[in-house]
Amino acid sequence: MEATGTRTINGEDLAVGCFISMTTTLGEEIDGQILAFDKPSNILVIQEGRTNANKSQPSIRRNVRLLKAGYIRDFTLLGRSDEDPLDAKQCFVDLNGLRAREDSAMRQAEMEAERIGVGVTSEAQSIFDALSKTLPVRWDKTAIIVMNEVRVSSPYLPENVSGGTAAANERVKKVLEFERKRLNTRQ
């Protein structure tokens, strides 16, 4: 990414450090300072800043956005800054916070991936999703394991329920019957 240079949009030069207010083609309004522009990808890097309650000092928390310049519908130049927006004294990155967010996102992605059956039909996945709303479930290859004791095997009918206590077995069968009826009415 370029740290210096200008970008011309609608005949106006925008340089690193300029403060702009823009509207995207999706109608989103963004106010911020240009940090960089990458010509090959046509990406503008904008630092959005929040102000404290007293409005006199900018807060440390900032949001940095990457935006395709082609998605800018219109903009207004609010001013220019003589200070380098990438000066290390002005920039603050909470690395611990970023690592925590990354770890959380990775755990969430792993949990969501475990909920997707491999080699199962969309109907089987719908049944799994319905069971998971009220009961703890997991996949064991193509079988659904409910409450770590009840096994539901393909073709996921009430007669394919095995294991567990009689009460748990009946509860799973009822949910299966209800979900099958719901799936049939949708089709």
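Start with helix α3, residues 166-186. The model is a predicted one.

Now look at which parts of α3 are hidden. A168, N169, V172, V175, L176, E179, R180 and L183 are buried. They cover an arc of only 140° around the axis, which means they sit on the same side of α3. The face turned away from the buried side carries exposed residues. These are A166, A167, K174, F178, K181, N184 and T185.

What does the buried side of α3 meet? Its buried residues pack against helix α2, β9 (143-146), β10 (150-152) and β11 (161-162).

Step back for the whole chain. The protein has three helices and 11 strands. Read along the sequence, the pattern is β-β-β-β-β-β-β-α-α-β-β-β-β-α. Of the 187 residues, 32% count as buried. Among contacts with a separation of 6 or more, 41% are between residues 24 or more positions apart.

Four strands form an open sheet in the order β8-β9-β10-β11, with antiparallel pairing. β8 (137-140) and β11 are the edge strands, each pairing on one side only. Four bridges hold the antiparallel pair β8 and β9. Within that pair, V137 has V146 of β9 as its bridge partner.

V161 has a relative accessible area of 10%, so it is buried; the cut-off for buried is under 20%. Leaving out neighbours within four places in sequence, V161 contacts V150, R151, V152, N169, V172, K173 and L176. Two of the residues on that list, V172 and L176, are among the buried residues of α3. V161 and V172 are 11 residues apart along the chain, and their C-alpha atoms are separated by 7.6 Å.

Helix α2 comes next. It lies across β8 and β9, running at about 150° to β8. Its buried residues are A124, Q125, I127, F128, A130, L131 and S132. Their cover includes β8, β9 and α3.

Q125 is in α2, which covers residues 122-132. Is Q125 buried or exposed? Its relative accessibility is 16%, so Q125 counts as buried. Apart from residues up to four places away in sequence, Q125 touches R115, I116, G117, V120 and W139.

In soluble globular proteins, nonpolar side chains tend to be buried together. Here the largest nonpolar core has 18 residues. Those with the most contacts inside it are I127, L131, I144, V146, V152, Y156 and V172. α2, β8, β9, β10 and α3 each give two or more residues to this core. The largest share, five residues, comes from α3.

Not counting residues up to four places away in sequence, Y156 touches V120, A124, I127, W139, T142, I144, L176 and R180. That list includes A124 and I127, both buried residues of α2. It also includes L176 and R180, both buried residues of α3.

A second, separate core has 13 residues, including I30, L44, L67 and A69.

End with the earlier part of the chain. Strand β4 covers residues 29-38. Eight of its 10 residues are buried, so β4 is largely enclosed by the rest of the structure. Strand β3 (residues 19-24) runs antiparallel to β4, and five bridges join them. F19 stands opposite Q33 in β4. The two strands form a hairpin with four residues between them. In this hairpin, G27 takes a positive phi near 90°.

How values were computed: Residues are numbered from 1 along each chain as its sequence is written. This is a predicted model: local features need pLDDT of at least 70, side-chain atom pairs count only at pLDDT 80 or more; totals for chains, interfaces and linings use all residues. Side-chain values use heavy atoms; hydrogens and water are left out. Buried means under 20% relative accessible area, exposed over 50%, partly exposed in between (1.4 Å probe, protein chains only). Contact means heavy atoms within 4.5 Å. The expected span of a helix is 1.5 Å times one less than its number of residues. The arc is that of the directions from the helix axis to the C-beta atoms. Two strands pair if DSSP finds at least two bridges between them. Axes are lines fitted to C-alpha atoms, for helices over the stretch in contact, and angles run from 0 to 180 degrees between N-to-C directions. A nonpolar core is a set of buried Ala, Val, Leu, Ile, Met, Phe, Trp, Tyr and Cys residues joined through side-chain atoms within 4.5 Å.
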